[in-house]
Amino acid sequence: MSLDQNLEKVVIIDFGSQFTQLIARRIRELGVFSEIVSHKKIRTSDINQSVRGIILSGGPLNVYQINKYSFDKKILELNIPILGICFGHQILSKLNGGRVKQSKHREFGLANIFRKRDSLLTKNFYNMKKNKKVWMSHADQVSKLPKNFQVIASSTNSKYAIVENKLKKFYGVQFHPEVTHTENGKKLISNFVFLICKIKKNWSSRDQKIKLINEVRDQVGTHKVICALSGGVDSSVVAQLLNKSIGKKLYCIFVNTGLLRKNEETQVVRTFKKRLKMNLIYVNAEKEFLGKLKNVSDPEKKRKIIGNLFIKIFERYAKKIKNVKFLAQGTLYPDLIESKSVTGSQTSKIKSHHNVGGLPKKMNLKLVEPLKFLFKDEVRKLGLELKLSKEIISRHPFPGPGLAIRMPGVITNEKLKILKEADYYFIQALREHGLYHKIWQAYAALLPVKTVGVMGDNRTYEYLCLLRAITSEDGMTADFFEFRKSFMQTISNKIVNSIRGINRVVYDVTSKPPSTIELE
Ligand code: XMP
């Protein structure tokens, strides 16, 4: 287990709460670095000088299931402020000699807490009110306070809703200050960070930029780095960061699979090669991809063929560059923590096919992953700090297998041409109507059925175009976007009238789950 040595930080010891990442994000939003570590991995010896505060997260466990969690008790003796949240509050109380038992009433949802005593933790928290609405989610609760602890606030069901040991700087809250349902919860976290841990701000996009540019320089030295550039947010930010850091020692490879959105290849070349002056190797592999995909209609086969061919082509071109030592990847913080999840959640599995895995294996390259401590919104801000355009930074996600999985059935040149046009008109219309940024992801798909239409005096027999536009937080769940009728009319007319090959437009109104975002 190794924590960053340089930046002052709050370490969050994760006991499997669904909100752990949110705690880290709240702290970082305050401009302070924060790292998440699993309770199974962290030992006292890992806690270095830079750790100025510790948060114990919530979790699905019960403090008496001692064989299910591990916690090095010596962490309590390090003289570092600790905030326990929910399960963290219970374990902190128990380890200090208090007691925890099953609550008479389980509490899930909003509860009122009442001020009992003043504390640094609750400074300016109540805003003149006596009580505050907080978000509870627990079955157990602290039933006896440890020695030298005091009650700061209570709810009807939880006497020890906020507690403190002022001398040791130990704090416990039964509710979740990190979720937005807790009124002014951010203030509690900010008080813990600034008034109790006394950390100074150190985590702006500018700080990150300088730190990461230097770190990449240190790691890479005089060697060369290759990077698979897709034009998406993550790979664009990685490429631009490395560009600023090591300049011409970076070689980006952009593979045109023929399955990209209309004009994508021109835009990527224009932005990265012409404007940002990167070493960009543009590979036009349209024919190779379409050849391999000929007559293939099984979605899983399509994904495999595309993934494997992509790696093959990437390697072919990477080998032409002499003395490459490193491969840069846009791994983000959630990828890192999900794969080490304490609760063993399935999320990482669901996502595994989304990443181009296996790239470096054969080539024996070391990884450069400069974004591995950042959340997606931080990556976006860093991108802007690196002077990437807003247009690149706020793009909708686009899958690696591209239009292939938006075209159930066999892939043909004709169908691709039709789909590219439809998608182009749809996205264009969203931008013109100021809707693009209200939507998490939108695209057109081409269904493998033809239906009858009437155009002028002729009957037509053409494809069906499906439009999908969703709202989402992270792509794991999603709901369809509600368009006005006038917008839907405009776009369906535009598509049917302008594109030969489509005579009907439908809108996908399923949510995820039970449906999914892409068609295949
Ligand atoms: P699904 O369809 O799984 O999509 O609900 C969730 C999100 O992931 C994207 N997606 C992919 N991204 N390679 C990628 O890089 C893929 O194979 C892939 N499949 C889905 C999808 O666009 C959506 O944003």
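Mentor: Start with a pair of strands: E7 (residues 150-155) and E8 (residues 162-165) pair in the antiparallel sense over 3 bridges. Two strands pair if DSSP finds at least two bridges between them. Helices (H or I, at least four residues) and strands (E, at least two) are DSSP runs, numbered from the N terminus. This is a predicted model, in which local features need pLDDT of at least 70 and side-chain atom pairs count only at pLDDT 80 or more, while totals for chains, interfaces and linings use all residues. Residues are numbered from 1 along each chain as its sequence is written, and side-chain values use heavy atoms, with hydrogens and water left out.

Trainee: Which residue in E8 is the bridge partner of Gln150?

Mentor: The partner of Gln150 is Glu164. A hairpin of 6 residues joins E7 to E8.

Trainee: How many bridges join E8 to E9?

Mentor: There are 4 bridges between E8 and E9 (residues 170-173), and the two strands run antiparallel. Glu164 has Tyr171 as its bridge partner in E9. E8 and E9 also form a hairpin, with 4 residues between them. In that turn, Lys169 has a positive phi of about 60°.

Trainee: How do I read the two faces of a strand?

Mentor: In a regular strand the side chains alternate between the two faces of the sheet. For E8, Ile162 and Glu164 lie on one side, Val163 and Asn165 on the other, and all are buried. Buried means under 20% relative accessible area, exposed over 50%, and partly exposed in between (1.4 Å probe, protein chains only).

Trainee: How many residues of strand E1 are buried?

Mentor: In E1 (residues 9-14), 6 of the 6 residues are buried, so the strand is largely enclosed by the rest of the structure. Lys9, Val11 and Ile13 point one way, and Val10, Ile12 and Asp14 point the other way.

Trainee: What are the neighbours of E1 in the pairing?

Mentor: E1 runs parallel to E3 (51-56), with 5 bridges joining E1 and E3; Ile13 stands opposite Leu56 there. E1 is also parallel to E2 (residues 33-38), through 6 bridges, and Asp14 has Ser38 as its bridge partner in E2.

Trainee: Which helix goes with E1 and E2 in a β-α-β unit?

Mentor: Helix H1 (residues 20-29) makes a right-handed β-α-β unit with E1 and E2. A crossover is right-handed if, with the strands pointing away from the viewer, the path from the first strand over the helix to the second runs clockwise. Another right-handed unit is made by E11, helix H6 (residues 264-275) and E12. E11 (residues 250-256) and E12 (residues 279-284) pair in the parallel sense over 6 bridges, and Val255 stands opposite Val283.

Trainee: How many disulfides does a search of the whole structure find?

Mentor: A disulfide is a covalent bond between the sulfur atoms of two cysteines. The criterion here is a pair of cysteine sulfur atoms within 2.5 Å, and the search finds 0. Cys86 is in no disulfide, and its nearest cysteine sulfur, in Cys197, is 20 Å away. Cys86 is buried at a relative accessible area of 5%.

Trainee: How is a pocket read?

Mentor: On a 1 Å grid over the protein atoms alone, a pocket is an open set of points where a 1.4 Å probe fits, with protein on both sides within 12 Å along at least five of seven lines; lining residues have an atom within 4 Å of a point. The second largest pocket holds about 620 Å³ of space. Grid points are joined across faces, edges and corners, and a volume is the space filled by probe spheres set on the points.

Trainee: Which residues lie nearest the centre of the second largest pocket?

Mentor: Of its 27 lining residues, those nearest the centre are Glu264, Gln267, Glu391, Arg395 and Arg431. H6 gives the largest share of the lining, 7 residues.
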